[in-house]
Amino acid sequence: MTDPNVSYPAELYVRLYERGRRRLRARESETVQVAAAFLDRDGVINNKGHYVNRPADFELLPGVGDAIRRLNEASVPVVVVTNQGGVAMEYLSIEDLDDIQDRMDEDLAALGAHVDAVYGALAYPEGTLRALRKESLYRKPAAGMLYQAADDLGIDLAASTMVGDTSTDIAAGKSAGCRTILVRTGFAGRDGRAEVHPDHVVADLSAAVDLILGPPDSA
Ligand SMILES: [Mg+2]
């Protein structure tokens, strides 16, 4: 799914879909940068805070398909940025992660929605896999995944929005200069890892998309 001409470090999982790949190929000539929606996965798109290590663990939250479809219809690139330190801990393999992402794609497609790219941070300082046992600039609260996506896809970070359910999501978004929205699904900001002040706090992804798209034209 990734472009064979682009290589990424082993600690970064990347999946680019049709539009993501097209933007990657066009980035040399593309001068207009776009505003994207960066979405955390667990607790924003799916599930309520527990770990997702198998496709059967994955369950879309209510309203998410409709919310992402509205972003698709507005041509806002949807970029998933997800910490997957469970790979470093050997709770799941890259193949498991692929299978889970396939499940996400299928569930969203059934609702007429799709994402444009997925970035996953695989390293974890206490990991059991030696190659991934380290601090990582890609792992939120660091903003490496957002910077990589911006570089790959021609994204204007200052015009973009990060939506997450934890303080680490908000910290990463702020660090990259994005607008930040905390949703009350998943951990609902009560992960206790850092004190952060999101620009907005809303009920769920659907309400976040309302903010991202703004009021409908009254033409
Ligand atoms: Mg989360």
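Predicted model: local features only at pLDDT ≥ 70, side-chain atom pairs only at ≥ 80, totals over all residues.
I'll start with the overall layout. The protein has 6 helices and 7 strands. Along the principal axes, the C-alpha atoms take up a box of roughly 60 × 40 × 35 Å.

Two percentages go with that. Buried residues make up 45% of the 219. Then, taking contacts with a separation of 6 or more, 66% are between residues 24 or more positions apart.

In soluble globular proteins, nonpolar side chains tend to be buried together. Here the largest nonpolar core has 60 residues, and Phe-38, Tyr-119, Leu-146 and Val-163 have the most contacts inside it. Helix α4, residues 144–153, gives the largest share of this core, 5 residues. Let's take Leu-146 as an example. Which residues does Leu-146 touch, leaving out those up to four places away in sequence? They are Phe-38, Val-81, Leu-157, Ala-172, Ala-176 and Cys-178.

Now a pair of helices. Two packed helices are described by the angle between their axes and the distance between the axes. For α2, residues 64–73, and α6, residues 205–213, the axes come within 8 Å and the crossing angle is roughly 15°. Angles under 35 degrees count as roughly parallel, and α2 and α6 are therefore roughly parallel to each other. Their crossing is left-handed. On the α2 side, the residues that meet α6 are Val-64, Asp-66, Ala-67, Arg-70 and Leu-71. Their partners in α6 are Leu-205, Ser-206, Val-209 and Leu-213.

Last, two residues in loops. Arg-27 sits in the loop between α1 (18–26) and β2 (37–39). Arg-27 counts as partly exposed, because it has 14 C-beta neighbours inside 10 Å. Its C-alpha atom is 23 Å from that of Ala-10, which is 17 residues away along the chain.

His-197 is in the loop between β6 (179–183) and β7 (200–202). Is His-197 buried or exposed? With 10 C-beta neighbours inside 10 Å, His-197 counts as exposed, since the cut-off for exposed is 12 or fewer. From His-197 to Pro-55, 142 residues apart along the chain, the C-alpha separation is 33 Å.

Note on methods:
Residues numbered from 1 in each chain as written. Helix = DSSP H or I, 4+ residues; strand = E, 2+ residues; numbered from the N terminus. Buried ≥ 20, exposed ≤ 12 C-beta atoms within 10 Å, placed from the backbone. Contact = placed C-beta atoms within 7 Å. Core = buried A, V, L, I, M, F, W, Y, C linked by C-beta atoms within 7 Å. Axes fitted to C-alpha atoms, helices over the stretch in contact; angles between N-to-C directions. Parallel < 35°, antiparallel > 145°, perpendicular 65-115°, else oblique. Left-handed = near helix turned anticlockwise from the far one by under 90°.
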